Amino acid sequence: MPPVRAFFLAALIGVAGPLRAAVLREAGGLVQVRGAAEDNWRQAGKVPKKLAEGDGVRTGFNARARVEFDGGAVVEAAGNAHFSIETERLTRTAVNALFGTVRLTGSASGRKAVSVRTPTCVVRVRGERTVLKLTVAGGGNATVEVVEGAAGVEDNEGASLVLMAGQRVETDLAGLHAPTAAPTPVQARKSDFTALMRRELGFELERDAAFSAAARETRRAEAELGRALIDADGRRVRVEEFVVRPAADRLALVVMNGRAEGLSYFSWDGTFDRALPRNLEPVMAGLAGAGAATAWTVTDFATTRANGDASLLERGSGGHQVDVNGNADPLDDVAGGGSAFRTIFDRYGLYLNGTLKRGFTGVALQTYSDAAASSTNDPISGAALGAALPIVVINTTYPDAGTARRTTLESYSDGTVLTRESLWLEFGGGVAPRASLGSPDRNGEERVSFGGRTIKIVMPSDAAGATRQTP
Amino acid sequence: MRSLIAVVLSLAAASAGAIEWTPIGGLSALGGVHFFRGDRGSLSGNADAVFSPAIRLDERWSLLPAARSTYEGTRRVSDVLGAATPLSARMAHKASFKAVWADPASRWRLKPVLSYKYSFLKETRDEDWGKGLFDERLWTVGGEAEFLTREPHSLRVSLDWFDASYPNYTSLESQAALQFAGRPIARELVGDRVLDREGMRAGLAFDLPAGERVRLDAALSTVWSRYGRQKVVNEAGQFEETGREDFLTAFTAAARMPHEWNADLRALGSLTLGAGVLASNQNGYDASRGKFMSRFYDYRELSLTPAVRLLVGAPREPVSLDLALGWRRRAYAGRPSQDASGSYSGAPLTTIEWSFAGTLTYPIVKRFSLVFTLERVSASSNQRFERYYRYAYEATSALAGFRWDW
């Protein structure tokens, strides 16, 4: 070191005075000390304990520490605080407050300057006796509050002010804020209480989130299962589809609809020639036809469309499997060639509100072209009818060029009109454009009307098509 | 008798004098619009109001009665969007009562709580308030124990009993069993209020500092639900005696780190990892195909959300800009995906969601801010069958309004 620099350093040390000792006088609860040259914190242990420049002190929950300096300055730390001794010399005591709340009592009347440094300001004791409270929060933001006497506060930009008793000021990276009146103990308590309650209110919102998530999953699952749909009129329609097993050789596929005006349903109830397996997947797969004869043959069926006051019932019996591509009727052939087995029924009847309107019969039919229209007998029971069945004319049309709508009109000679309308629906309600006709990606709605009554059924699947057994 | 009344009145007056209360509340109102698959919804708005007269009984005991009402006319992207209902308006009213025991000399805080919430949902034009299919009533009773590790950090453990009911939801099948008696159109053991459930919620949450600048927080929550009226479906498509039970578990862990460029520009970055598991004993049954799907509702979900909050201006009342990017993947182990016609493939159904959210908060006066929010989500899936629910979509919500806290 050059002699001139060494001289000035020695002079500076002389002015500052020799190193002095601070004393940890009280330590209640968890109080730890770290020496200036140490990495680890240690229990404060027995008090009084001497502390040197650079030594750090930290307190745990509800703990308390009191450090006394030469010249009478005292630093008291509350729980969860951290500070270190920056300088302790004859002419100067400086403390570095890093986190938490400390209370400093000191005097500037002697020859010794007393100050506390925080990340965003330096606080210096002024006057005969000064008591101040200093809180350092996250990010280095500090609050200085003078309880007694006066203190000078200087921020990192060099701006400064003098705080008198009963005043407080906050500092942050932007510097000093305007000083305000320090809160009274009642105000301080109320402020702490408000902060605590706001925090609790926030926890309540978090707690609510778990229940909301569970409710959201419920709603999502119902939507994914197609149980809450919108019909052609844009109104809510609830849908449930399920299988009932009334007997070992029977199954019923049911589609229930629920609207504000009540329930309606579609059901296909089939009786087979043998007991059905527990797993119905292969049975359902072959119901609409297969390339080879299936193991189970539907012998009887009843398809019902009904609401509270109207029903359309179709019944068939005498079912047997026929290779429709191998029979003599080219009109019932299934495209693609090869064998195409379908179940053909020898007897069929259509009933409106329990009254037979049309039907046919045959014996071991190979094609429905060979069936004979019923006239004076019920085709299913064979019972004689009171009067001959009316003559029917059936027409299928697509009445609206713009929408996916198909209408089948059955006009009976007794004046009865049966309208069967199929609608393909827009997602979210309404009838889809014509191009969507028959699209598997659309929900279908059936509307059966007769005698001023309409049965509306939204089909979540192609249940009607999969179980259609007759032309 | 008169003297007794006088004593009671004087005691009440004395205790009332010791009690302090402070009002806490907030109000936000935002108007906006929601777009789904390019279709613009009508202009509507959202509002959220909360009020609590917090009461300090003494050094240790406080009461926090609270009331909260929300209205959501503009759908948010976190909603169940795939249902794509033509209308969506939601309203919820909640009342809760919480007691807080916080002895200054103890690290523990104990908080019993009771709450009741009524949620209303309108999804179609013919649904009126109070008649919504998914209207929900929720009762909860429980409590939380908080252990202060190093203030303000803590560890919280909570447990709640709950009862959720859907007053307008009764299974059609159970109604049919009564209305169409004699016909085989309802299964044995069918239940009526099949969505009603009760159960327990358990939660564990903590936050702690990690190093000088990073803060970690994590939360684990599980909801056990027992559906008393909903029976488990078997492989024959019929009901078992066993009732449905679900466990919905969610875990999030986040690391947050502040950064300061200068006094007027700061940022808080965060990275949140989330995981969710739904485990249910309920199966699925596709009746038209006779297809049984074991543990139909089970799923596993992973999510990752990097986010940043930029703070510009004076630290006490800065302009803040929140930006978040989200990725979420959900896989249903027991639910095979389907092609457009509904035929099942072997691959489990998965969904992937990318989201973006930006919120600008501009303080006008103390506690009063203008708020602008933009949210966007893009969802995709290997599920091609979208007859009931949209799995692939893009949706955007834009909202503007104000927030007032006091």
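In chain A, strand β2 (residues 31–34) and strand β5 (residues 56–59) run antiparallel and are joined by four bridges. Strands here, like helices, are DSSP runs numbered from the N terminus, with at least two residues of type E for a strand and at least four of type H or I for a helix. Two strands count as paired if DSSP finds at least two bridges between them. Within this pair, A:V31 has A:T59 in β5(A) as its bridge partner.

β2(A) also pairs with strand β3 (residues 42–43) of chain A, again in the antiparallel sense, over two bridges. Here A:Q32 sits opposite A:Q43 in β3(A).

## Before going further

This is a predicted model, so local features need pLDDT of at least 70 and side-chain atom pairs count only at pLDDT 80 or more, while totals for chains, interfaces and linings use all residues. Residues are numbered from 1 along each chain as its sequence is written, and chains are lettered from A and ligands numbered from 1 in the order in which they are written.

Helix α2 of chain A covers residues 185–224. This helix has 40 residues and reaches 59 Å from its first C-alpha to its last, close to the 58 Å expected at 1.5 Å a residue. That expected span is 1.5 Å times one less than the number of residues in the helix. Just after α2(A) comes A:G226, with a positive phi of about 70°.

## The nine-stranded sheet

Chain A has an open sheet of nine strands with antiparallel pairing, and the order is β17-β18-β19-β20-β21-β22-β25-β26-β27. The edges are β17 (228–230) and β27 of chain A; each has a single partner strand, so one side of each is left without a neighbour in the sheet. At the β17(A) end, three bridges tie that strand to β18 (residues 236–244) of chain A, and the two run antiparallel. One opposite pair to look up is A:A228 and A:R238, the latter in β18(A).

A:S369 lies between β26 (355–361) and β27 (372–373) of chain A. A:S369 is partly exposed, because 13 other C-beta atoms lie within 10 Å; the cut-offs are 20 or more for buried, 12 or fewer for exposed and anything in between for partly exposed, with C-beta atoms placed from the backbone. Setting aside neighbours within four places in sequence, A:S369 is in contact with A:D329 and A:L331, where contact means C-beta atoms, placed from the backbone, within 7 Å. A:R315 is 54 residues from A:S369 along the chain, and their C-alpha atoms are separated by 18 Å.

## The five-stranded sheet

Another open sheet in chain A has five strands in the order β28-β29-β30-β31-β32, with antiparallel pairing. Its edge strands are β28 (392–397) and β32 (453–459) of chain A, and each pairs on one side only. Six bridges join β28(A) to the antiparallel strand β29 (residues 405–412) of chain A. In that pairing, A:T396 has A:T408 in β29(A) as its bridge partner.

## Chain B

Over to chain B, which has two helices and 19 strands. Its C-alpha trace spans about 70 × 70 × 40 Å along its principal axes, and 30% of its 406 residues count as buried. Among contacts in chain B between residues at least 6 apart in sequence, 57% join residues at least 24 apart.

B:S158 lies in strand β8 (residues 153–165) of chain B. B:S158 counts as buried because it has 21 C-beta neighbours inside 10 Å. Leaving out neighbours within four places in sequence, the contacts of B:S158 are A:R207, B:G142, B:G143, B:E144 and B:G203.

## Where the chains meet

The contact between the chains takes 79 residues from chain B and 74 residues from chain A. On the side of chain B that touches chain A, helix α2 (residues 172–179) of chain B gives the most, with five residues. That side divides into 38 nonpolar, 20 polar and 21 charged residues. Ala, Val, Leu, Ile, Met, Phe, Trp, Tyr, Cys and Pro count as nonpolar, Asp, Glu, Lys and Arg as charged, and the others, Gly among them, as polar.

Key
Two residues are in contact if their C-beta atoms, placed from the backbone, lie within 7 Å.
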